[in-house]
Each structure stands twice: as C-alpha cells, then as structure tokens.
Amino acid sequence: MTNEPSGNVIGLAEHYLDVGQPERALDVLAQVHPDDVHVVWELRARALIDLERWNDAAHAARESLADDPDDA
C-alpha cells in the first residue's frame with residue numbers, strides 16, 4: 001500500500017481499463033488507500049470481466065452493490 005492519493009490511483013486504473021490493460025488496472029487498484037477501498041469495486045469488476053474471471057467479477061459487483069445499491 002502506498003500513500004499516493006487514491007484519486008490518482010483510480011484515474012490511472014481507469015486509464016488502463018480504457019486502453020485494454022485490465023491486469024495493470026488491478027495492480028494499481030491494490031494501492032488504493034484502505035479508507036477508499038469501497039470506491040474501487042466497480043473498477044475491479046470491469047477489469048475482472050475483461051480478464052474473463054467471472055466468479056471474481058461477480059464478487060466485486062456484489063461488493064459494489066452492497067456499498068452503494070443506488071449506483072448500479
């Protein structure tokens with residue numbers, strides 16, 4: 001875990017997803033500050049879907065919905 005602001009990490013992860021590098025997105029999402037972990041579930045799910053890791057993607061999607069059911 002680094003002290004890098006989570007916003008920078010999240011932006012970088014979004015970039016990696018946009019350019020088709022889901023593994024790198026997952027790598028940088030691991031650096032999100034523990035207080036901001038709830039923010040990354042949707043991005044994790046997107047990366048895992050791209051990697052065809054269906055069970056892991058389903059888990060991430062459930063966690064995202066549990067954190068904020070109105071933001072489906």
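Tutor: Let's start with a term: a helix here is a DSSP run of H or I with at least four residues, and helices are numbered from the N terminus. Keep in mind that this is a predicted model.

Student: Thanks! Then in which helix is Glu 42 found?

Tutor: Glu 42 lies in helix H3.

Student: Is Glu 42 buried, partly exposed or exposed?

Tutor: The general idea is that a residue counts as buried under 20% relative accessible area and as exposed over 50%, with partly exposed in between. Glu 42 has a relative accessible area of 47%, so Glu 42 is partly exposed.

Student: And how do I read Ser 64: buried or exposed?

Tutor: Use the same cut-off of 20% for buried. Ser 64 has a relative accessible area of 18%, so Ser 64 is buried. Its place is in helix H4.

Student: Which residues does Ser 64 touch, leaving out those up to four places away in sequence?

Tutor: Ser 64 touches Trp 41 and Glu 42.

Student: Let's turn to the core. Which members of the largest nonpolar core touch the most other members?

Tutor: The general idea first: in soluble globular proteins, nonpolar side chains tend to be buried together. In this model the largest nonpolar core has 18 residues, and Ala 13, Ala 25, Leu 29, Val 32 and Leu 43 touch the most other members. At least two residues of this core come from each of helix H1 (6-18), helix H2 (22-29), helix H3 (41-50) and helix H4 (54-67).

Student: What does Leu 29 touch beyond four places in sequence?

Tutor: The contacts of Leu 29 are Val 9, Ala 13, Val 40, Leu 43 and Arg 44.

Student: Now charges. How many salt bridges are there?

Tutor: In general, side chains of opposite charge can pair when their charged atoms come close. The count here is 2 salt bridges. One of them joins the side chains of Asp 18 and Arg 46, at 3.7 Å from N to O. That pair links distant parts of the chain, 28 residues apart, with Asp 18 in helix H1 and Arg 46 in helix H3.

Student: How exposed are Asp 18 and Arg 46?

Tutor: Asp 18 is exposed at 60% relative accessible area, whereas Arg 46 is partly exposed at 33%.

Student: Where is Asp 56 in this picture?

Tutor: The side chain of Asp 56 meets that of Arg 53 in a salt bridge, at 2.9 Å from N to O. Asp 56 is partly exposed, at 36% relative accessible area, and Arg 53 is partly exposed, at 38%.

Technical notes. Residues numbered from 1 in each chain as written. Predicted model: local features only at pLDDT ≥ 70, side-chain atom pairs only at ≥ 80, totals over all residues. Heavy atoms only, no water. Core = buried A, V, L, I, M, F, W, Y, C linked by side-chain atoms within 4.5 Å. Buried < 20%, exposed > 50% of the residue type's maximum accessible area, 1.4 Å probe, protein only. Contact = heavy atoms within 4.5 Å. Salt bridge = Lys/Arg side-chain N within 4 Å of Asp/Glu carboxyl O.
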